[in-house]
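Let's take a walk through this structure together.

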Amino acid sequence: MNSARLRLATNPLTLNCHFARFRCKVEELVAALVHEGDDYYDARNGCPRDVNKAMACYRKAADYGYHWGYYNVGKCYLEGQGVPKDDDAARKWFRKASAMQNELAKVRLQELGEA
């Protein structure tokens with residue numbers, strides 16, 4: 001690699017720009033996981049209803065720290081869809097989503113008796 005390319009590749013402004021674009025792409029992909037999960041959960045866009053596949057998508061999104069992933073995993077536990085019904089597990093996932101300012105998770109926590 002010539003020195004001009006090396007300087008360009010290690011320039012902090014260039015690296016920040018590349019990182020920001022990469023981060024946006026990752027966020028888009030993780031959001032797409034939630035949408036795919038919704039398609040399976042609600043049997044839409046040509047997907048058959050499959051709560052196990054929906055839960056798998058939501059868990060992957062949650063593994064990436066995405067608040068809608070957290071929320072939907074909690075919803076599945078609350079409703080017993082794709083996992084055994086477990087209000088304590090639902091609270092745990094709703095708390096994670098709520099900590100990321102997910103308003104629906106805050107509502108669900110209130111419904112479950114948490115302030």
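Start with Trp93: its relative accessibility is 6%, so this residue counts as buried, the cut-off being under 20%. Keep in mind that what you're looking at is a predicted model. Trp93 sits in helix α5. Which residues does Trp93 touch, once we set aside its neighbours within four places in sequence? They are Arg59, Ala62, Tyr70, Val73, Gly74 and Tyr77. There's also Ala105, twelve residues away along the chain, whose C-alpha atom lies 8.5 Å from that of Trp93.

Now have a look at helix α3 (residues 51-63) and helix α4 (residues 67-79). They pack with their axes 7 Å apart, at an angle of about 140 degrees. That angle is why α3 and α4 are described as oblique to each other. The crossing of α3 past α4 is left-handed. On the α3 side, the contact is made by Met55, Tyr58, Arg59, Ala61 and Ala62, while α4 brings Gly69, Tyr70, Asn72, Val73, Cys76 and Tyr77. Sort the residues of this contact by type and you get eight nonpolar, two polar and one charged.

Let's move on to the core. The largest nonpolar core holds 27 residues, and Tyr58, Val73, Tyr77 and Phe94 have the most contacts inside it. Helices α2 (12-42), α3, α4, α5 (87-99) and α6 (103-111) each supply at least two residues of this core.

Finally, pick out Phe94. Leaving aside neighbours within four places in sequence, Phe94 is in contact with Tyr71, Gly74, Lys75, Leu78, Ala105, Arg108, Leu109 and Leu112.

Note on methods:
Residues numbered from 1 in each chain as written. Predicted model: local features only at pLDDT ≥ 70, side-chain atom pairs only at ≥ 80, totals over all residues. Heavy atoms only, no water. Axes fitted to C-alpha atoms, helices over the stretch in contact; angles between N-to-C directions. Helix = DSSP H or I, 4+ residues; strand = E, 2+ residues; numbered from the N terminus. Parallel < 35°, antiparallel > 145°, perpendicular 65-115°, else oblique. Left-handed = near helix turned anticlockwise from the far one by under 90°. Contact = heavy atoms within 4.5 Å. Nonpolar A, V, L, I, M, F, W, Y, C, P; charged D, E, K, R; others polar. Core = buried A, V, L, I, M, F, W, Y, C linked by side-chain atoms within 4.5 Å. Buried < 20%, exposed > 50% of the residue type's maximum accessible area, 1.4 Å probe, protein only.
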